[in-house]
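Please work through the exercises below with the sequence and the model side by side, trying each task before reading its solution.

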Amino acid sequence: MASLSPDLDIALTQLTERLLTQDQAFAQTYVMAKGQLYRTELRLCPVPPHELPADL
């Protein structure tokens, strides 16, 4: 599983920590990128260690 970028990994980790601190497992918002609006969603789904990809 390839990472898009270390900065993105850090940002998603920080967002995950914030959501879990508030006992939430889902976030949705709208963002503008390249002149287009996008709905973004993040859903946290726990993964057992035995289901992790080998290249993680």
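Accessible areas come from the Shrake-Rupley method with a 1.4 Å probe, and for residues only the protein chains shown count as cover. The model is predicted, so local features need pLDDT of at least 70 and side-chain atom pairs pLDDT 80 or more, while totals for chains, interfaces and linings use all residues. Residues are numbered from 1 along each chain as its sequence is written, and side-chain values use heavy atoms, with hydrogens and water left out.

**Exercise 1.** Describe the surface and the burial of the protein chain.

Solution. Begin with the accessible surface of the protein chain, which is about 5200 Å², with 58% of it belonging to carbon and sulfur atoms. Then turn to burial (under 20% relative accessible area; over 50% is exposed, and partly exposed lies in between): of the 56 residues in the protein chain, 5% are buried.

**Exercise 2.** Give the order of the elements in the protein chain.

Solution. Helices (H or I, at least four residues) and strands (E, at least two) are DSSP runs, numbered from the N terminus. The protein chain holds one helix and two strands, and read from the N terminus their order is α-β-β.

**Exercise 3.** Is L4 buried or exposed, and where does L4 lie?

Solution. L4 is placed in the segment before α1 (6–21). L4 counts as exposed because its relative accessibility is 76%.

**Exercise 4.** State the extent of the protein chain along its principal axes.

Solution. Along these axes, the C-alpha atoms of the protein chain fill a box of roughly 40 × 30 × 15 Å.

Definitions and conventions: Buried < 20%, exposed > 50% of the residue type's maximum accessible area, 1.4 Å probe, protein only.
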